[in-house]
Amino acid sequence: MAINGSFNNVVFGFFAAFALIFSIFLPTVQAQQPFAPAPAPASDGTTIDQGIAYVLMLMALAVTYLIHSADVPLGV
């Protein structure tokens, strides 16, 4: 049983060293390739309009629910 435990420690140590080496050297390889930055998102107002429309629809739904719930008699 002791052999299996020491083998597991060796395998774990190997993978830990492997992960450490790649975590150190892999980002430097990627950093050598310059990429142009992504353009900033431009809002032409459609997102704001859509947000206002959603709020108005939710308000209409809430008002409709309140009006129709007041119409229902409590005994039924």
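Student: Which residues do the ring pairs link into a cluster?
Tutor: Ring pairs link Phe14, Phe15, Phe18 and Phe22. Rings of Phe, Tyr and Trp (its six-membered ring) pair if their centres lie within 6.5 Å; planes under 30 degrees apart are stacked, over 60 edge-to-face, and the rest tilted. Keep in mind that this is a predicted model, where local features need pLDDT of at least 70, side-chain atom pairs count only at pLDDT 80 or more, and totals for chains, interfaces and linings use all residues. Residues are numbered from 1 along each chain as its sequence is written, and side-chain values use heavy atoms, with hydrogens and water left out.
Student: Ok, how many aromatic pairs does that rule give?
Tutor: The count comes to three aromatic pairs. Phe14 and Phe15 form one that is edge-to-face, at 5.5 Å centre to centre with 65° between the planes.
Student: Why does Phe15 count as exposed?
Tutor: Because its relative accessibility is 51%, and exposed means over 50%, buried under 20%, partly exposed in between (1.4 Å probe, protein chains only). Phe14 counts as exposed too, because it reaches 53%.
Student: And where does Phe15 lie?
Tutor: In helix H1, residues 2-31. Helices (H or I, at least four residues) and strands (E, at least two) are DSSP runs, numbered from the N terminus.
Student: How many helices and strands does the protein chain have?
Tutor: Two helices and zero strands.
Student: New topic: how much of the chain is buried?
Tutor: Of the 76 residues, 1% count as buried.
Student: What does UniProt say about residues 47-67?
Tutor: The unreviewed UniProt entry annotates them as "transmembrane region"; such annotations may be inferred rather than shown by experiment. In the model, residues 47-67 are 100% helix, with the end C-alpha atoms 30 Å apart.
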